[in-house]
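Visitor: Hi, I'd like a quick tour of this one before I set anything up. Could you walk me through it?

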Amino acid sequence: MKFLVLVFVALFAMAVARPNEAQIVRQDSDVGPDKWNSALETSDGTSIVSDGVLKNVGTEHEAAVVHGSFSWVDEKTGEKFTVTYVADENGYQPQGAHLPVAPVA
């Protein structure tokens, strides 16, 4: 769970620390004891969205599951990049058209 929070904080820091001084256009969050979601959009086209839930609450197999995405626009080319991901007991699993894919075994 701490890892997921650190990932979100790092992405948020990257989004707001860019030198072009983008403004936050939208920022929403709803945090409960067993589920949460957040969304951030900036004026430069950066966006971060995540939804999380605790599963198997109260058991020894309790785990956080987060579904989300983040996207940004390359300043030089204007190309938009998007990464969608699932982070759960199986690790962080990103997908994006620009990411390399491992060969099928």
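This is a predicted model: local features need pLDDT of at least 70, side-chain atom pairs count only at pLDDT 80 or more; totals for chains, interfaces and linings use all residues.

Visitor: Thanks! In what order do the six strands of the sheet run?

Guide: The order is E1-E2-E3-E4-E5-E6, in an open sheet with antiparallel pairing.

Visitor: And which strands stand at the edges?

Guide: Strand E1 (24–31) and E6 do. Each has a single partner strand, so one side of each is left without a neighbour in the sheet. From one strand to the next, the twist averages 10 degrees.

Visitor: Over how many bridges do E3 and E4 pair?

Guide: Nine bridges, in the antiparallel sense. To find a spot in that pairing, look at Val53: its bridge partner in E4 is Val65.

Visitor: What about E5 and E6, how many bridges there?

Guide: Five bridges, also antiparallel, between strand E5 (residues 80–88) and strand E6 (residues 91–95). A hairpin through two residues joins E5 to E6, and Val86 stands opposite Gln93 in E6.

Visitor: Switching to rings: how many aromatic pairs are there?

Guide: The count is four, taking ring centres within 6.5 Å as a pair. In one of them, Phe70 and Trp72 have ring centres 6.1 Å apart and planes at 20 degrees, so that pair is stacked.

Visitor: Why tilted and not stacked?

Guide: Because stacked needs planes under 30 degrees apart and edge-to-face needs over 60, while the Tyr85 and Tyr92 planes sit at 40 degrees.

Visitor: Which residues form the aromatic cluster?

Guide: Phe70, Trp72, Phe81, Tyr85 and Tyr92 form one cluster.

Visitor: Nice. Which residues make up the largest nonpolar core?

Guide: There are nine: Trp36, Leu40, Ile48, Ala64, Val66, Phe70, Val83, Tyr85 and Ala87. Strand E2 (35–42), strand E4 (63–73) and E5 each supply at least two residues of this core. Phe70 and Tyr85 from the aromatic cluster are also among the core residues. As background, nonpolar side chains tend to be buried together in soluble globular proteins.

Visitor: On to backbone angles. What is the phi of Asn56?

Guide: Asn56 has a positive phi of about 55 degrees, although it is not a glycine. For context, most residues other than glycine have a negative phi.

Visitor: Where does Asn56 lie?

Guide: In the loop between strand E3 (47–55) and E4. Asn56 is partly exposed there, with a relative accessible area of 41%.

Visitor: You promised two loop residues. Where is Asp44, and is it buried or exposed?

Guide: Asp44 lies in the loop between E2 and E3. With a relative accessible area of 17%, Asp44 is buried, because the cut-off is under 20%.

Visitor: Which side chains does the Asp44 side chain make polar contacts with?

Guide: One is Thr42, joined to Asp44 by a polar contact of 2.4 Å between side chains. Another is Thr46, whose side chain makes a polar contact of 3.0 Å with that of Asp44.

Note on methods. Residues are numbered from 1 along each chain as its sequence is written. Side-chain values use heavy atoms; hydrogens and water are left out. Two strands pair if DSSP finds at least two bridges between them. Helices (H or I, at least four residues) and strands (E, at least two) are DSSP runs, numbered from the N terminus. Rings of Phe, Tyr and Trp (its six-membered ring) pair if their centres lie within 6.5 Å; planes under 30 degrees apart count as stacked, over 60 as edge-to-face and the rest as tilted. A nonpolar core is a set of buried Ala, Val, Leu, Ile, Met, Phe, Trp, Tyr and Cys residues joined through side-chain atoms within 4.5 Å. Buried means under 20% relative accessible area, exposed over 50%, partly exposed in between (1.4 Å probe, protein chains only). A polar contact is a pair of N or O atoms within 3.5 Å; within protein, one must be able to donate a hydrogen and the other to accept it, and residues adjacent in sequence count only if both atoms are side-chain atoms. Axes are lines fitted to C-alpha atoms, for helices over the stretch in contact, and angles run from 0 to 180 degrees between N-to-C directions.
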